[in-house]
Amino acid sequence: MADYQPVRTKVKSGKPKKRFMSEERKDALAAYLYISPFFIIFSVFSIFPIFFSFYLGLQRWNGLGSMEYVGLRNFRLIYEDPMFWKSIYNTFVIALMGTLPQLFVAFLLAFALNSTLIKFKNFFRISFFMPNVTSIVAVAIVFGTLFTNSETGLVNLVLSYFNISPINWGTNEWGLKVAIASMVFWRWVGYNTIIYLAGMQSIPNELYEAAKIDGANLRQQITYITLPLLKPVIIFTVFVSTIGSLQLFTEPLVFLGRTMREEGITMVLYLYREAFVNNAFGTASAAAITLFFIIIVFTTINLLIANRLGNSK
Amino acid sequence: MDNAQQKTKARKNLFSKILTYLLLFSGAFLSLFPFYWMFVIATNPNHVVNRLPPAMIPGDHLVINFLNVLSNINFFGAMFNSFIVSTAITFSVLFLSSLAGYAFAKLKFKGKNVLFVFILVTMMIPPQLGLIPSYLIITKLGWISDLRAIIVPGMVSAFGIFWMRQYIKEAIPDELIEAAKIDGCSRFRIYWMIVIPLILPAFATLGIITYMNVWNDFMWPLIILKDESVHTIQVALRLLNDAYVRDYGMIMSGTFWATIPLVIIFLIFNKFFIDSLTKGAVKS
Amino acid sequence: MFSKKASILYVVLVFMLVLAACSSNGSNSENAGETDDSNDNQSAENIELTMWTFGSPGYDKFLEEYKEVNPNVTIRIQSADLADHHNNLFTAISAGSGAPDITMIEAGYIDQYREAQEMFVNLYDLGAEEIKGDYLDWTWSNAESADGDFLFGVPTDIGPTVMYYRTDVFEEAGLPTDPDEVHALIQTWDDFRKVAKEVTEKTGKPMTDNVNLIYYSLRDQSPETYFDRDNNLIINDSPYIKNAYDYATQLIEDGVVGRIEMWSPEWGTAMNDGSFATLLAPSWMQNVITGNAPEAAGKWSITHLPEGAGNWGGSYLGVPSQTKHAEEAYAFISWLLSPENQLKSFKQEGLFPSTPAIYDDPAFTEHTDEYFSGVKTAKIYSEAAQQVQIAYTGPGYAIANSEIGTALANVNNENRDPEKEWEEAVKRIERQLERR
């Protein structure tokens with residue numbers, strides 16, 4: 001870290017120092033006060049729904065009638081359902097295809113947009129953010145048209161130049177995943193870019209200057225300056241993206257429409273269908289609870305990996 | 001470096017510059033295309049949405065389609081509602097999240113790690129099943145068709161707190177805080193005078209993201225805001241969907257104009273926050 | 001302790017919240033349908049009813065007239081998109097509060113509530129038996145419980161299915177194009193299959209856009225579908241669904257079925273270009289066709305389906321039991337959906353009525369449509385409407401339909417074996433039903 005000048009601020013005059021308020025006390029008091037809004041609002045609005053969702057896992061309920069306690073039956077039923085396992089598989093595959101490359105590309109994009117050598121930065125920034133802002137209805141139609149089954153669809157046309165026969169994007173096992181993954185990638189890469197960009201902006205330019213003078217090339221600059229300093233932000237994006245990809249819902253919903261085909265159904269789509277289409281809230285909850293634990297496990301794994309990678313530098 | 005070496009270096013630089021620009025421009029094109037297409041459909045009659053290959057040229061229905069939108073829904077009223085909700089929530093989230101993030105990043109207190117992990121864990125719970133019980137809570141509070149039902153639950157976000165904590169950890173060195181404490185600053189003053197100026201990019205980013213998420217959210221407002229006078233813009237736009245038939249020219253027109261404020265917000269945040277930070281130099 | 005800036009920020013925040021609170025106070029209407037009447041004397045009391053609708057049924061145009069006859073009853077209509085409306089309805093009914101006094105329910109969504117009919121007011125208790133005769137019996141029976149003692153709602157509009165066809169494609173195949181002649185040519189489903197082969201051989205175009213509409217047509221002509229009246233799955237024992245499925249897959253094998261995804265841009269283009277010969281669809285599809293294919297005016301015509309007609313869509317007006325004004329609600333419903341008013345709805349909005357008495361009105365018998373080659377469209381729909389015989393659906397109907405649809409798509413798009421897909425579909429249906 002470069003050296004920073006200590007900041008001098010005006011001391012408020014006339015305030016007697018209370019021994020009662022030790023430094024630790026001051027810290028703690030302020031801290032509890034500052035974090036309390038979250039916990040207050042959370043306990044009013046979120047605790048009941050969360051408990052309710054978990055409680056439902058042991059019940060049989062169609063949303064309208066009375067609930068019937070069934071113990072672990074719901075869990076058994078969904079673990080016996082091949083569709084459930086398929087949805088887990090789909091989620092992971094689409095996450096790897098759509099989210100993982102996205103983080104790398106977003107990082108590179110942010111680095112490019114942060115560099116002093118590039119002009120039109122604002123134009124690029126807003127362009128890359130537009131996918132996240134464009135109406136999902138429009139996006140669905142555009143991607144649906146791109147990835148249409150017929151041989152006149154744009155992607156199929158491009159493939160035909162490489163002598164590849166047209167793919168049924170809407171029903172094919174890998175076609176569907178590629179289509180959904182590209183939609184996810186397209187929609188979220190700009191989002192992660194501006195997050196990395198914000199992080200990079202707090203890294204002083206002098207560090208890069210000094211490194212350049214020492215003869216460091218681009219890769220070395222990134223490895224020894226950007227990555228370590230950006231670590232908290234990278235951890236943030238890894239965490240948020242992991243959760244986001246494991247909870248993938250909107251893109252497959254919009255691409256699959258009502259068909260909810262097994263080639264593209266994700267875990268959340270599975271539980272959504274279970275609850276709101278099939279009206280089987282008990283099993284939907286069981287799926288949600290399972291998903292919750294999967295998320296905990298994988299987020300922890302991902303964070304450990306990201307941490308380890310950061311430390312090894 | 002002699003002349004020849006300098007020349008090859010310059011050529012290499014130029015080459016990488018061109019390559020970079022090429023990639024950036026193609027990326028920008030791919031990112032903007034659907035939005036542009038949306039505008040094309042918004043200015044054309046309905047059947048143009050079916051064109052294959054996709055229509056590329058804006059048509060002459062710009063005004064007609066928008067007038068259709070206006071006659072079907074209270075467009076500006078809904079925009080205003082969205083504006084209130086998004087602005088209120090964004091202000092609140094920025095302020096409360098940065099405060100809490102600051103606490104987690106820089107203050108010492110008992111249970112800090114446990115509480116922080118708790119906040120992280122709340123982000124992992126799939127929200128879909130909470131819809132019915134949440135609706136129940138709002139009904140008990142008597143807040144159906146009341147914008148408060150949208151604003152109050154959204155005032156703090158785990159995402160925001162996490163983001164601010166990470167950013168503050170990265171951007172604010174401990175020594176700075178220590179020095180300020182030695183000088184006798186209160187915790188809040190430290191937050192206000194030192195932390196905030198240094199995390200303006202974080203504010204900008206979180207601000208844009210929050211504003212956009214709230215503006216685009218429709219699942220929750222849909223269930224809560226029954227009365228048309230309190231509809232936010234996304235809910236109102238969905239009214240344009242007829243039972244079996246859709247006029248896409250009209251729908252895209254409404255959607256397009258409803259997106260323009262987001263673009264403006266992005267530009268504002270971009271200008272006032274991201275660029276206001278002179279890179280890395282800490283003001284004395 | 002707080003600096004000036006902080007105080008300003010707090011004021012701004014509070015201001016925002018106050019603004020939000022104030023802007024919604026004037027429109028706080030969640031009590032509208034649940035006001036406790038302090039008096040029991042309801043006839044003199046001013047009553048406000050909330051009504052939820054979807055699409056644009058144009059019922060707001062009737063409110064003024066009703067107000068004149070019933071000045072103490074005010075009705076507020078709230079609209080939503082089809083799917084959203086039903087999600088909201090389900091949430092409100094499930095949570096036990098917030099439901100409207102009157103709600104529209106689309107035909108396909110009634111099944112959700114069959115197992116919880118106490119969530120609705122039994123309209124037979126309010127005298128609906130008296131108006132039963134005004135409505136087509138098949139649509140009326142769809143809103144009844146399995147044992148016929150409970151009525152969920154009064155029918156609004158219906159969607160009788162017909163055969164839309166491209167006259168130019170038929171002509172190219174050397175077939176007649178006049179609706180009566182086409183109907184005479186295609187009297188049975190076997191005829192349809194023969195004609196389909198001819199069309200594809202002579203023009204290279206598929207007979208239909210996709211396989212679903214063929215399957216739906218046959219399914220909707222069956223006396224029973226997936227469940228019996230006790231809600232047992234009969235898909236393995238009852239022949240009708242299997243027959244419909246087999247027929248559809250045979251046509252796929254014949255090579256006469258297209259692969260165009262319904263509701264996609266391609267589909268709209270295909271309607272315009274005449275890339276397929278027939279569209280077996282309900283009356284409201286007419287607006288979809290004209291909206292998607294303006295250049296095909298005069299190239300489409302309409303005739304009847306072979307062996308009868310089916311129904312797709314249409315809705316009902318029901319009264320959730322959360323209401324405090326059941327009688328007033330029913331009074332409005334029965335007034336709004338009377339034959340005279342349904343005729344008005346037809347003329348104003350094109351909603352196809354469920355009251356057969358008015359099918360003899362000149363608006364039906366004489367109405368022609370240039371787009372559809374000058375055919376008397378309303379007459380054909382009304383003839384079809386009178387041929388419909390629907391089967392009992394049951395709570396698991398949507399699940400069963402969805403899985404058969406998936407199976408058909410697999411056979412059509414992925415060339416999978418029809419028998420295997422059928423078995424897999426049945427297994428999936430059974431599993432999902434077990435979880436409910």
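Analyst: B:Thr43 is buried, with a relative accessible area of 2%. Please note that the model is predicted.

User: Where is B:Thr43 placed in chain B?

Analyst: B:Thr43 sits in the loop between helix H1 (3-42) and helix H2 (62-72) of chain B.

User: And which residues does B:Thr43 touch, not counting those up to four places away in sequence?

Analyst: The residues touched are B:Pro58, B:Gly59, B:Asp60, B:His61, B:Leu62 and B:Asn65. The cut-off for calling a residue buried is under 20% relative accessible area, so B:Thr43 at 2% qualifies.

User: Let us stay in chain B. Is B:Ser98 buried or exposed?

Analyst: B:Ser98 is buried, and its relative accessible area is 0%. B:Ser98 belongs to helix H3 (residues 75-106) of chain B.

User: What is B:Ser98 in contact with, leaving aside its neighbours within four places in sequence?

Analyst: B:Ser98 has contacts with B:Val93, B:Met164, B:Ile168, B:Tyr191, B:Ile199 and B:Phe203.

User: How many Å separate the C-alpha atoms of B:Ser98 and B:Lys12?

Analyst: The separation is 44 Å, for two residues that are 86 residues apart along the chain.

User: Now the interfaces. How many residues of chain A are in contact with chain B?

Analyst: On the chain A side there are 96 residues, in contact with 100 residues of chain B. The two chains bury about 8,800 Å² between them, and carbon and sulfur atoms give 77% of that area. Within chain A, the residues that lose the most area to chain B are A:Tyr34, A:Phe38 and A:Phe45, which together account for 9% of what that side buries.

User: What about the area that chain A and chain C bury?

Analyst: Chain A and chain C bury about 2,600 Å² between them, with 41% of it on carbon and sulfur atoms. In chain A, the most area lost to chain C belongs to A:Leu64, A:Arg261 and A:Asn278, together 23% of what that side buries. By residue count, 35 residues of chain A are in contact with 29 residues of chain C.

User: Why quote an area for an interface?

Analyst: The accessible area lost when the parts come together is often used to give the size of an interface.

User: How is chain A itself built, in helices and strands?

Analyst: Chain A has 14 helices and two strands. Its C-alpha atoms fill a box of roughly 65 × 60 × 35 Å along the principal axes. The radius of gyration of chain A is 25 Å, whereas a compact globule of 313 residues would have one near 20 Å. Buried residues make up 56% of the 313 residues.

User: And the charges in chain A, positive and negative?

Analyst: There are 26 positive and 16 negative side chains in chain A, and the centres of the two sets lie 10 Å apart. The accessible surface of chain A is about 14,300 Å², and 67% of it belongs to carbon and sulfur atoms.

User: Which residue in chain A has a positive phi although it is not a glycine?

Analyst: A:Asn163 is one such residue, with a phi of about 60°. A:Asn163 lies in the loop between helix H8 (154-161) and helix H9 (173-200) of chain A. A:Asn163 is exposed, at a relative accessible area of 72%.

User: Turning to chain C, how many helices and strands are there?

Analyst: Chain C has 17 helices and seven strands, and 59% of its 436 residues are buried. Of the contacts in chain C between residues at least 6 apart in sequence, 76% join residues at least 24 apart.

User: Why is helix H15 of chain C described as largely enclosed?

Analyst: Seven of the nine residues of helix H15 (residues 377-385) are buried, so the helix is largely enclosed by the rest of the structure. The buried residues are C:Thr377, C:Ala378, C:Ile380, C:Tyr381, C:Ser382, C:Ala384 and C:Ala385.

User: What covers the buried residues of H15(C)?

Analyst: The cover includes helix H4 (137-142), strand S4 (153-166), helix H11 (285-292), strand S6 (300-303), helix H13 (339-349) and helix H14 (362-365) of chain C.

User: Finally, where is C:Glu307?

Analyst: C:Glu307 is in the loop between S6 and strand S7 (311-318) of chain C. The phi of C:Glu307 is near 60°, a positive value in a residue other than glycine.

Notes: Residues numbered from 1 in each chain as written. Chains lettered and ligands numbered in written order. Predicted model: local features only at pLDDT ≥ 70, side-chain atom pairs only at ≥ 80, totals over all residues. Heavy atoms only, no water. Helix = DSSP H or I, 4+ residues; strand = E, 2+ residues; numbered from the N terminus. Buried < 20%, exposed > 50% of the residue type's maximum accessible area, 1.4 Å probe, protein only. Contact = heavy atoms within 4.5 Å. Rg over C-alpha atoms; globule rule 2.2 N^0.38 Å. Areas by Shrake-Rupley, 256 points an atom, 1.4 Å probe, with all protein chains shown as cover. Lys, Arg positive; Asp, Glu negative; His and termini not counted. Charge placed at Lys NZ, Arg CZ, Asp CG, Glu CD. Buried area = accessible area lost by both parts, 1.4 Å probe.
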